[in-house]
Number of protein chains: 2
Amino acid sequence: LTGSDGRPPGTGPTRIAVDLLGGDDAPAVVVDGALQACDADPNLQLLLVGSRPAVDECLRAAGPVAARLAVTTVERGVGMAGPAADGADPRTSIGACLQALKAGRVDAVVSAGASGPTVAAAVVAVGRLRGVRRPALAAVLPSLAGPLVLLDVGANMQVKVADLVHHAALGAAYARLVAGVRAPRIGLLSVGAEPGKGDRLRRGADSALRSWAGPERTYVGPVEGHDVVLGERANVVVSDGFTGNALLKGVEAAFAVMARRHPTDGVPRAAALLGVAGTVVVCHGAATAPDIASGLGLAARLVREDVVARLAAAASGSVPVEPYEPVVEPLDEVAP
Amino acid sequence: LTGSDGRPPGTGPTRIAVDLLGGDDAPAVVVDGALQACDADPNLQLLLVGSRPAVDECLRAAGPVAARLAVTTVERGVGMAGPAADGADPRTSIGACLQALKAGRVDAVVSAGASGPTVAAAVVAVGRLRGVRRPALAAVLPSLAGPLVLLDVGANMQVKVADLVHHAALGAAYARLVAGVRAPRIGLLSVGAEPGKGDRLRRGADSALRSWAGPERTYVGPVEGHDVVLGERANVVVSDGFTGNALLKGVEAAFAVMARRHPTDGVPRAAALLGVAGTVVVCHGAATAPDIASGLGLAARLVREDVVARLAAAASGSVPVEPYEPVVEPLDEVAP
């Protein structure tokens with residue numbers, strides 16, 4: 001199995017396109033975060049994608065790491081309120097990032113821009129993994145009992161039962177590959193721990209996940225908001241993207257408010273887009289420079305450990321096969 | 001305006017029916033909480049509703065407060081996985097509690113049982129306030145910027161745009177009357193702060209809330225999960241009950257995990273059911289004895305300050321009118 005440019009994964013520099021125009025405080029904090037990531041990781045090469053002034057700002061500030069920076073200039077970013085289709089426009093920063101990923105000029109993409117356009121652009125540019133109808137954004141939370149994967153945290157506002165099962169498979173594989181979870185226990189986010197709880201979607205998904213579960217995939221049943229913090233019942237929690245997004249932001253803020261220290265030491269401050277045939281990492285719109293650097297670190301790690309190919313195998317429900325085959329087809333409906 | 005038995009509100013003892021059989025650790029913690037509440041408040045009289053052994057346990061432990069306890073024995077509680085219609089059965093503890101409220105034998109009901117049956121029973125027994133299609137459970141959170149009302153936290157798994165507007169009105173009135181919020185600023189929970197964010201429900205509700213807003217009712221637009229913790233943008237946050245429930249439980253758990261002290265000192269550890277024509281307070285299934293006592297304290301306060309009648313006025317969109325008229329009609333669909 002080889003990387004997108006023929007190199008075996010995990011060797012040589014890791015090349016990441018970074019969207020300088022994405023995020024509430026772009027480009028300043030993205031530039032800072034990009035340079036922090038380069039300082040921390042000598043094997044990182046960045047493709048800076050942004051407006052001419054943003055790119056120039058980054059190059060001026062780069063100092064000795066400038067040798068590891070390449071640039072692509074674009075007309076504009078994608079507004080937080082912009083249409084999802086904006087992401088597929090190569091004149092936007094996220095569109096250009098994903099074109100570079102598609103062309104094999106980079107190994108991964110990191111953006112703190114609006115997640116809807118990023119997801120839409122990723123699906124159009126690199127396609128979905130076989131067996132996945134809707135990619136999901138996965139976050140790792142520092143629960144009391146250890147790392148916990150929560151997905152979807154914002155790629156899909158509405159999902160179907162089958163999507164939640166796909167996401168359970170992706171989330172369990174991601175927990176094993178990235179979060180250091182040896183035995184993923186999957187829970188379905190709901191309003192009570194009993195099978196009858198929740199809405200029609202949750203009752204259907206509970207039943208489907210019980211059928212899907214097996215010796216290698218433990219389904220523990222419905223879990224509640226506090227279980228994402230405690231982590232005892234499940235270490236992979238599957239949710240629609242609306243609820244997952246609200247829960248993630250609320251829990252992160254509560255940790256941040258209560259802690260003197262950084263709330264998620266050692267846990268990536270960014271979400272990985274699971275289910276597309278390429279490495280795409282999404283940071284918060286309100287990401288700080290260390291958050292951006294954390295997102296870049298996560299992207300580099302996903303590339304080096306060849307996570308997408310291994311997820312492809314997990315998503316198709318089989319033992320690892322190689323190479324993975326992207327399924328490039330437009331989404332029937334694009335998540336906002 | 002008079003209490004349900006002809007007394008003016010706020011005078012004489014406050015009589016609350018407590019569901020001894022509701023909650024994960026019932027009856028033990030409910031008994032403890034009930035007695036703690038009586039110790040703390042000499043004007044409290046409790047109607048203990050439970051099985052013979054549960055009632056006897058409470059009476060044995062009561063000591064000098066036994067004179068302020070009355071009892072109703074019932075066959076059974078409502079299981080957490082039980083059907084919502086169970087709540088309307090007077091042979092269940094919650095059903096008997098609400099029958100007592102309907103008959104004017106108590107001023108309020110407190111239960112830590114499954115909220116679905118409680119809501120259904122409340123609607124059937126005492127009816128809804130005029131102008132409210134679906135009652136909502138409201139919680140008060142201790143945000144950084146002060147008390148914040150989050151609703152719905154579990155009464156309705158699915159809502160319509162009009163419900164979210166009703167809940168905005170109820171939540172704003174509740175924030176003023178109970179949470180000490182002088183100028184309620186209402187936010188709509190979504191996945192981003194821009195009007196186009198979220199799903200179809202949220203886009204429709206954003207538009208409807210903008211039309212509904214006026215000088216006395218400030219709508220700030222969509223807010224995010226972290227805004228429930230920070231409280232700067234809004235101090236009333238409106239959500240569907242599924243997402244609100246997950247968010248509340250996650251934030252509360254994060255506070256509890258990070259804090260040495262009790263996470264919500266000074267904030268009621270129970271949700272008020274807004275929109276029914278009677279005082280009903282719902283505690284967590286996992287409530288501790290102090291949580292139950294806090295729920296009883298909240299119920300007593302709601303009764304003494306005549307909150308239901310004042311909410312009725314707010315919900316109908318008019319200046320206070322009296323008396324309020326319950327609209328007793330079955331719900332078209334009962335929330336689980």
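Contact means heavy atoms within 4.5 Å. The structure is a predicted model, in which local features need pLDDT of at least 70, side-chain atom pairs count only at pLDDT 80 or more, and totals for chains, interfaces and linings use all residues. Residues are numbered from 1 along each chain as its sequence is written, and side-chain values use heavy atoms, with hydrogens and water left out.

View 1. Helices (H or I, at least four residues) are DSSP runs, numbered from the N terminus. Ala96(B) has a relative accessible area of 9% and is therefore buried (under 20% relative accessible area, 1.4 Å probe, protein chains only). Apart from neighbours within four places in sequence, Ala96(B) is in contact with Val49(B), Thr72(B), Val74(B), Asp89(B) and Pro90(B). Ala17(B) lies 8.9 Å from Ala96(B), C-alpha to C-alpha, with a separation of 79 residues in sequence.

**View 2. Crossing of helix H1 (residues 28–40) and helix H2 (residues 52–62) of chain B.** The axes come within 10 Å and cross at roughly 40 degrees; axes are lines fitted to C-alpha atoms, for helices over the stretch in contact, and angles run from 0 to 180 degrees between N-to-C directions. The crossing of H1(B) and H2(B) is right-handed (the near helix is turned clockwise from the far one by less than a right angle). From H1(B), Ala28(B), Val31(B) and Leu35(B) meet Ala54(B), Glu57(B), Cys58(B), Ala61(B) and Ala62(B) of H2(B). These contact residues comprise seven nonpolar, no polar and one charged; Ala, Val, Leu, Ile, Met, Phe, Trp, Tyr, Cys and Pro count as nonpolar, Asp, Glu, Lys and Arg as charged, and the others, Gly among them, as polar.

**View 3. Packing of helix H8 (residues 241–258) of chain A with helix H8 (residues 241–258) of chain B.** The two axes are 8 Å apart, at an angle of about 20 degrees. H8(A) and H8(B) are therefore roughly parallel to each other (angles under 35 degrees). H8(A) passes H8(B) in a right-handed crossing. Among the residues making the contact are Phe242(A), Leu247(A) and Gly250(A) of H8(A) and Phe242(B), Leu247(B) and Gly250(B) of H8(B). The contact residues divide into 14 nonpolar, four polar and no charged.

**View 4. Interface between chain A and chain B.** In this interface, 37 residues of chain A are in contact with 37 residues of chain B. The chains bury about 3200 Å² between them, 76% of it on carbon and sulfur atoms; buried area is the accessible area (1.4 Å probe) that two parts lose on being put together, summed over both. In chain A, Val191(A), Phe242(A) and Met258(A) lose the most area to chain B, together 21% of what that side buries.

How values were computed:
Chains lettered and ligands numbered in written order. Helix = DSSP H or I, 4+ residues; strand = E, 2+ residues; numbered from the N terminus. Parallel < 35°, antiparallel > 145°, perpendicular 65-115°, else oblique. Buried < 20%, exposed > 50% of the residue type's maximum accessible area, 1.4 Å probe, protein only.
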